[in-house]
Amino acid sequence: MNIIKAAKRTIPLAALFVITMSAKGQEFDYDFSDDKTGVTIYYNVTSDEYPLTIAVANRDFNYNSYKGAITVPAKVFKGGGLYDVTSVWENAFAYSDSLTEVTFPESVTVLEDGAFIGCKKLKKITIPGNLESIGNAAFYGCSSLETITLAASLVQIGDEAFSGCSSLKSIYIQSETPPQISGSSLGKIKAVIYVPRGASEAYMTSNVWKKYKIVETEE
């Protein structure tokens, strides 16, 4: 499989991601598209055996595939089969400069590397309650993102996942067990970390989380 770098983008090396092309050299990065929600969303088949699953995919190498507010459905029909949307492929929404809001279904468990890198106008994102991992640089450079809630199921946040999120002031984490992160996961943001009641001690014993202001929620 050939590998090429995202063209015409100035990206720090730590957040530089590549997009793959098929052996046929196709100039798009998805298997099919669907517009049943009123917005054309692009998908990649991740399993064509039951249970059938798909991932939200990047349209092509020009990026800027998505605009405005988008709601991703939980299931999509393709060729007579009903596919569950379970992940967001790497670079799926990369550099969608006009994307402002995304809502995901509970079926999504993974946000892969660079999923939202460079989405400068992204202000709101609804993270599904079953999300388990956020990839490297997933939200890198999302400078308009102000607050985000991370589900109790989340166990891992990748390197530089929130680097460059200069407007991010609040991170609500529903898990009593601190998600695994590296020293670069949150970059230089100064967000307040809100955790469940009684969980602050666990976060304060983490080498990374303890560097931030930890506040227990009332619920």
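This is a short chat about the fold of one predicted protein model.

Trainee: What does the secondary structure of the chain come to?
Mentor: In this predicted model, the secondary structure comes to one helix and 17 strands.

Trainee: And how many residues are in the chain, and what share is buried?
Mentor: The chain has 219 residues, and buried residues make up 46% of them. As for the surface, the chain exposes about 10900 Å², of which carbon and sulfur atoms supply 48%.

Trainee: Okay, which strands form the open sheet, and in what order?
Mentor: Four strands form that open sheet, in the order β13-β15-β16-β17, and their pairing is parallel. On average, neighbouring strands of this sheet are turned by 20 degrees against each other, with direction ignored.

Trainee: Why is one side of β13 and of β17 left without a neighbour in the sheet?
Mentor: Because β13 (147–150) and β17 (214–216) stand at the edges, where each has a single partner strand.

Trainee: How many bridges join β15 to β16?
Mentor: Three bridges join strand β15, residues 170–173, to strand β16, residues 192–195, and the two run parallel. Within that pairing, Ser 170 stands opposite Val 192 in β16.

Trainee: Switching topic, where does Asn 44 lie, and is Asn 44 buried or exposed?
Mentor: Asn 44 lies in strand β4, which covers residues 41–47. Its relative accessible area is 12%, and since buried means under 20%, Asn 44 is buried.

Trainee: Which residues does Asn 44 touch, then?
Mentor: Leaving out residues up to four places away in sequence, Asn 44 touches Asp 29, Asp 31, Ile 54, Ala 55, Ala 57 and Trp 89.

How values were computed
Residues numbered from 1 in each chain as written. Predicted model: local features only at pLDDT ≥ 70, side-chain atom pairs only at ≥ 80, totals over all residues. Heavy atoms only, no water. Buried < 20%, exposed > 50% of the residue type's maximum accessible area, 1.4 Å probe, protein only. Areas by Shrake-Rupley, 256 points an atom, 1.4 Å probe, with all protein chains shown as cover. Contact = heavy atoms within 4.5 Å. Pairing = 2+ DSSP bridges. Axes fitted to C-alpha atoms, helices over the stretch in contact; angles between N-to-C directions.
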